[in-house]
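Here are my notes, as promised. Have the model open while you read them.

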Amino acid sequence: MLLLGQAGWAEWKSFQSARGESVRLADADQSLTAQLDRLASASIGRANSLRSASLQTLESRVTEVDQEITVKKRLEKQQSSSLSTVLAGTPIVQAQLEGLRLNAEINILEQVRSYLLDLKFRLVATQSEKARRDDLELLRLVHQNLYLKWQEIGREKETLEQLHPVKSKFAYGSPEYKKIEALEAQRDSLLAQNRRAHDDYQRHFRQLQATRPLPPLAAFELHHSEIDAILQPLRTRIAELEKLREGNWFNRLLKPIEEVAPTALLILLSIIFTPIAIKALFYFVLAPMAARRSPLHLLPETTGELALETGHTAVSLPVVVDADHELLVHAEFLQSSSVRGDKDTSWLLNREFPLTSLASGMVALTRIRTAEPETFVISATQDPFSEIGILSLPQGAALVIQPHNLVGVVQSRVSPVHITSHWRLNSLHAWLTLQLRYLAFHGPAQLIVQGCRGIRIERADAGRSINQAATIGFSANLAYSTRRSETFGAYLLGKQELLNDTFSGENGFYVYEEMPHFGKKTGMTGRGLEGFTDSLLKVLGI
């Protein structure tokens, strides 16, 4: 593990170093290219603007270019004296980049100077032969004077070295050493000027000897190949670094990740913000619209009488069955029973609603009939948080309830509990709660229901609001509507549902759990496929 860790760390440092230098040099290459392009464009414009200039103007401009070249060569020499040249396979530092830039700028100036001299010689060619020979003699004298100055500086340097052989060579920072450095810089500058003067003299001499007139000179254009050759060490180093990065296994690991990272980030942001946007749309737009709509009145002609048998709920409750009634109950809720009586299976809660009975789980119920009153104990044996309650519906009363809350019913043998179905496709309340169909249970009957931590019934009166997740049912004569939850933050964080159920009306009750079940998540986003199934069942009122 230590060897692998050491190798991995070395590979990582190599990858980081190559990537950092590659990015830096690529930026430097782009910046250098942009600077040189601007300088080239300006130089081309100035050179072409002098095509019709006078001889005096051309000579003045050549002198200015010579001075610029001299200054830049001095700076370039200072850079090269403090740092070695760019070598293959070695990192390139900022000073070396500056040296490359100076070399490229000097090359551009030298191309401009050569073009200006061509313009000058064409003007000279139009003069008399005596004037042309005078110009040639002037060029010779310039070349000669520069050479004499170069020799003079050389003799002065030799004299100083003879007088101070140690200080001039080894005493860095001493006056003698600095003087030797200054003399060497002057000699180098004079040598470069002398060579240019020699080239000017030779060019003018050849043109003087030519018998044919010089052809017209085309517009000035830079030779970019020379500039590219100067910058080639930089681009070679960038290519080397790219090759190193491609061979590094960290790059092979990170490259696919970097390719999919933007898409993955977009997906992540969509996952984070899309539900927020949807919730904001529902909370600030759709919910207020629904609140302004008229409430639902499913069965206003029915009575709202409803009673909770025994006045309370409990983990277990006794149910009395006499000769005129029968008990339909889920087998797992039947805790204890009398040995007397007939027990068989009722496959459906109601034959008129076979799919509803099947989807709500009210199938394969235990049916109990007795000749004499007998007591049976109903208990929530499957859920430690649930309690049982018995709702008594008199004749003429109706209760809207979802069958999945039902545990069982006590009904007349000759007149089973009557169930009616009510669709509300034109109601925004129904669409927002995803409940388009409502099932109403008509009395007389006793409905055995379960609720988390117990069940409560309350009068609606002038208006009551309750958490929608806790609602079990309500009297069919009540006005039912939805109201937006009080705070957006609680809804956004999932602390509250979007809508609260609101009931209003006299002589009517609504039924709810003491506490919404912790595992109960309504809506398509509740519990994956299970939540999607719950949403479909809720649409059907089940």
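1. First, the ground rules. This is a predicted model, where local features need pLDDT of at least 70, side-chain atom pairs count only at pLDDT 80 or more, and totals for chains, interfaces and linings use all residues. Residues are numbered from 1 along each chain as its sequence is written, and side-chain values use heavy atoms, with hydrogens and water left out.

2. Start with the largest nonpolar core, which has 35 residues; Leu-116 and Leu-234 have the most contacts inside it. (A nonpolar core here is a set of buried Ala, Val, Leu, Ile, Met, Phe, Trp, Tyr and Cys residues joined through side-chain atoms within 4.5 Å; buried means under 20% relative accessible area, exposed over 50%, partly exposed in between, with a 1.4 Å probe and protein chains only.) Helix 1 (2–49), helix 2 (55–82), helix 3 (94–125) and helix 7 (224–247) each supply at least two of its residues. Helix 3 gives the largest share, 12 residues. (Helices, H or I with at least four residues, and strands, E with at least two, are DSSP runs numbered from the N terminus.)

3. There's also a second, separate core of 25 residues, and Leu-328, Met-362, Leu-393 and Leu-439 are among them.

4. Next, an open, antiparallel sheet of 3 strands in the order 3-8-5. (Two strands pair if DSSP finds at least two bridges between them.) Strand 3 (316–321) and strand 5 (334–336) are the edges, each with a single partner strand, so one side of each has no neighbour in the sheet. Strand 5 pairs with strand 8 (residues 374–379) over 2 bridges, and Ser-336 stands opposite Val-377 in strand 8.

5. On to the rings: there are 13 aromatic pairs. (Rings of Phe, Tyr and Trp, taking its six-membered ring, pair if their centres lie within 6.5 Å; planes under 30 degrees apart are stacked, over 60 edge-to-face, the rest tilted.) Tyr-438 and Tyr-480 are edge-to-face because their planes are at 65 degrees, with centres 6.2 Å apart. Tyr-438 is in strand 13 (residues 437–442) and Tyr-480 in strand 17 (residues 479–484), so the pair ties together parts 42 residues apart in sequence. Tyr-438 is buried at 1% relative accessibility, and Tyr-480 is buried at 4%.

6. Tyr-510 and Tyr-512 are stacked, 5.7 Å centre to centre with 20 degrees between the planes. Tyr-510 is buried at 2%, as is Tyr-512 at 12%. Ring pairs link Tyr-438, Phe-474, Tyr-480, Phe-503, Tyr-510 and Tyr-512 into a cluster.
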